[in-house]
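Please look over the structure shown here with its side-chain contacts in mind. The briefing that follows takes up charged pairs, aromatic rings, a pocket and the confidence of the model in turn.

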Amino acid sequence: MRFPRSSGILLPVFSLPRGQTSDGCAAGDDSIGDLGTSAYRFVDFLQSAGQTIWQLLPLGPPALGDSPYSSYSAFAGNPLLISCDLLVADGLLTKQQVADAAQADASGDGDSCEDRVHYDRARAIKAPLLKAAFQTFRQQQNQTRNAAFADFCECNQSWLIDFARFDAFAHNFGDPDWSKWDAELIRRRPAALADVDKSLADEIEFAKFQQFVFAEQ
């Protein structure tokens, strides 16, 4: 197969400019690039420069060490790349919530985030915001959005169910190393899975919600 000659740029999403909202105001969270305003601006730049390819690094959730090449899923997306600015636009967060979260975790050591990604700070800021967005999602009972979420879960059930379980289990047990979990879970005994599915139902649903938002963005 012959392909037309083309050119583009390699730029990981996490390296995009950060800390600005769609209206140009400082968002406060300059810890990591995301799928929001800067991503759209970069696509516009590529188009204006006559480029046709944006090459990305893997987008999966990184394991220990935060390397994009070390992920515990071939299908899931990294929740840290979710744009809270877009969640504000969707009515799942408020600007004040985003500003307060960034301010509450503001670094006191004077270390600038401009030239590198600060994963720990990104997690500290975004984890509570994503949980707040999830609670709003459940409270709103938006029929259109609920239907879209149900469709996403159904279309991706081949990997999403087990991934959401793993994500919830790992956070609950405080260790993603499944070899250290209960033997009944390691062997995927139906009764053991059913018990944990019930006790961690909210956490499993939250993991699915994050993947839904990531896929939408």
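In this predicted model, the side chains of Asp177 and Lys180 meet in a salt bridge, with N and O 4.0 Å apart. Lys180 also forms a salt bridge with Asp175, where the closest N and O atoms are 3.8 Å apart. Lys180 counts as exposed at 60% relative accessibility, whereas Asp177 is partly exposed at 28% and Asp175 is partly exposed at 22%.

**Salt bridges**

- The structure holds ten salt bridges, and some of these share partners in such a way that Asp162, Arg165, Arg188 and Asp197 are joined into one network.
- Another salt bridge brings together the side chains of Lys126 and Asp34, at 3.8 Å from N to O; this pair links distant parts of the chain, 92 residues apart, with Lys126 in helix H4 and Asp34 in the loop between strand S1 (8–10) and helix H1 (37–48).

**Aromatic pairs**

- A search of the whole structure finds 18 aromatic pairs, including that of Phe149 and Phe212, whose ring centres lie 5.4 Å apart and whose planes stand at 65°, so the pair is edge-to-face.
- Phe149 belongs to helix H5 (residues 143–155) and Phe212 to helix H9 (residues 201–216), so that the pair links parts of the chain 63 residues apart; both Phe149 and Phe212 are buried.
- The rings of Phe166 and Trp181 have their centres 5.6 Å apart, and their planes meet at 35°, so this pair is tilted.
- Phe166 lies in helix H6 (residues 157–173), while Trp181 lies in the loop between H6 and helix H7 (183–186), 15 residues apart; Trp181 is buried, with a relative accessible area of 12%.
- Phe166 and Trp181 are also members of one aromatic cluster, together with Tyr72, Phe75, Trp159, Phe163, Phe169 and Phe173.

**Largest pocket**

- The largest pocket holds about 900 Å³ of space and is lined by 32 residues, of which Tyr72, Arg123, Asp167, His171 and Gln210 lie nearest its centre.
- Helices H4 (119–140), H6 and H9 each supply at least two residues of this lining, and H4 gives the most, with seven.
- The lining residues divide into 17 nonpolar, seven polar and eight charged.

**Confidence**

- The mean pLDDT of the protein is 89, and 90% of its residues reach 70 or more.
- Confidence is lowest in helix H3 (residues 95–104), at a mean of 88, and highest in H9, at 98.

How values were computed. Residues numbered from 1 in each chain as written. Predicted model: local features only at pLDDT ≥ 70, side-chain atom pairs only at ≥ 80, totals over all residues. Heavy atoms only, no water. Phe/Tyr/Trp six-rings, centres within 6.5 Å; stacked < 30°, edge-to-face > 60°. Helix = DSSP H or I, 4+ residues; strand = E, 2+ residues; numbered from the N terminus. Buried < 20%, exposed > 50% of the residue type's maximum accessible area, 1.4 Å probe, protein only. 1 Å grid on protein atoms, 1.4 Å probe; cavity = no way out; pocket = protein on both sides within 12 Å on 5 of 7 lines; lining within 4 Å. Points joined across faces, edges and corners; volume = space filled by probe spheres on them. Nonpolar A, V, L, I, M, F, W, Y, C, P; charged D, E, K, R; others polar. pLDDT = per-residue confidence, 0-100.
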